[in-house]
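Try each task before reading its solution.

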Amino acid sequence: MFQVDQYAYSNNLRRVHPGEKVAYALITMIICMAAPGILVPLLVMLLMAATVILRAGIPARIYVKLLCVPLGFLLAGALTVALTVSRVPDPAVHGLTFYGFTVGVTVPGLQRAGFLLVKSLGAVSCLYFLSLTTPVVEIISVLRRLRVPAVFIELMGLIYRFIFVIMDTAEKMYVSQSSRWGYASLKTAYNSLGQLVSNLFIKSYYRSQALFTTLMARGYTGEIRVLERPFPLSKKNLALIALVDVLLVVLALVTWRWPL
């Protein structure tokens, strides 16, 4: 989480208008989710990877490592789609039979699972592009200009801030336990982990209350205003974004007419 925030402030696209990056990520993600074939999501994955690695300057190792974080959840979801359980023998199901139940996979099920996995990875890659190239403060600024309700914007900002509070609290507790040999063996590690989890919420709650008190002492009235850095709009970038998304829409329509 800290690394993502660090790259958001230090990447090569830092000086690009945040509205351009938000539009590029969201429009491309919508096209990816609406595409009927697997070709467009694959192209979106490659396009976002090339933009993040080659244009933004994020190391490929870091990007692949971050992309592997949601991969486990996506694989679990795709597996549930691919598996088929049947009480009636079906030659189309390739698997094992236990106590009259056949558990296996079918070719259409594998195709649906693969399509779901690729489309989800395409959408995740769009969000990774946005989070790795645009600080949350600038995303909030764009949402405010789009007239998103203030309650949603404030919740988004506070939740993001409290994520760092929880992570910082957990890290300090872990360092404190490790310095006292709390993870010297498997038994002590389980015991220390249980104590960390049980005390994490309480300590995070008190720290969040202290943070809220600090905000109130500085005149917080339900809306956090920060200085917004001016960014010039680039007609070249806007034209390139429009061209890329139009090509993706055309390709999606072609694959809808002639499935690939």
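**Exercise 1. Work out how the chain is put together overall.**

Keep in mind that this is a predicted model. Begin with contacts along the chain: among those between residues at least 6 apart in sequence, 72% join residues at least 24 apart.

Next, list the elements. The protein has 10 helices and three strands. Reading along the sequence gives the pattern α-α-α-α-α-β-β-β-α-α-α-α-α. The radius of gyration is 23 Å, well over the 18 Å that the globule rule gives for 260 residues, so the protein is more spread out than a compact globule. Along the principal axes, the C-alpha trace spans about 70 × 60 × 35 Å.

Now the surface. Of the 260 residues, 36% count as buried. The accessible surface comes to about 16600 Å², and 71% of that belongs to carbon and sulfur atoms.

Finish with charge: there are 24 positive and 10 negative charges, and their mean positions are 3 Å apart.

**Exercise 2. Find R14 and decide whether this arginine is buried or exposed. Then find what its side chain pairs with.**

Step one, location: R14 is in the loop between α1 (2–10) and α2 (18–34).

Step two, cover: the relative accessible area of R14 is 15%. The cut-off for buried is under 20%, so R14 counts as buried.

Step three, partner: the R14 side chain makes a polar contact with the side chain of E138, at 2.3 Å.

Step four, the rest of the surroundings: leaving aside neighbours within four places in sequence, R14 is in contact with A8, Y9, K21, P135, E138, R229 and F231.

**Exercise 3. Follow E138 into its helix and say how covered that helix is.**

E138 is one of the buried residues of α7. This helix runs over residues 136–145 and is mostly covered, with eight of its 10 residues buried. Besides E138, the buried set holds V136, I139, I140, S141, V142, L143 and R144.

What do they pack against? The buried residues of α7 pack against α2, α6 (107–133) and α8 (150–179).

**Exercise 4. Describe the setting of V44. Which residues does V44 touch, not counting those up to four places away in sequence?**

Second, check the cover. The relative accessible area of V44 is 0%, so V44 is buried.

Third, list the contacts: V44 touches T28, C32, G122, S125, C126 and L248.

Last, compare sequence with space. V44 and V118 are 74 residues apart in sequence, while their C-alpha atoms are 9.8 Å apart.

Notes: Residues are numbered from 1 along each chain as its sequence is written. This is a predicted model: local features need pLDDT of at least 70, side-chain atom pairs count only at pLDDT 80 or more; totals for chains, interfaces and linings use all residues. Side-chain values use heavy atoms; hydrogens and water are left out. Helices (H or I, at least four residues) and strands (E, at least two) are DSSP runs, numbered from the N terminus. The radius of gyration is taken over C-alpha atoms; the globule rule is 2.2 Å times the number of residues to the power 0.38. Buried means under 20% relative accessible area, exposed over 50%, partly exposed in between (1.4 Å probe, protein chains only). Contact means heavy atoms within 4.5 Å. Accessible areas come from the Shrake-Rupley method with a 1.4 Å probe; for residues, only the protein chains shown count as cover. Lys and Arg count as positive and Asp and Glu as negative; His and the chain ends are not counted. The place of a charge is taken as NZ of Lys, CZ of Arg, CG of Asp or CD of Glu. A polar contact is a pair of N or O atoms within 3.5 Å; within protein, one must be able to donate a hydrogen and the other to accept it, and residues adjacent in sequence count only if both atoms are side-chain atoms.
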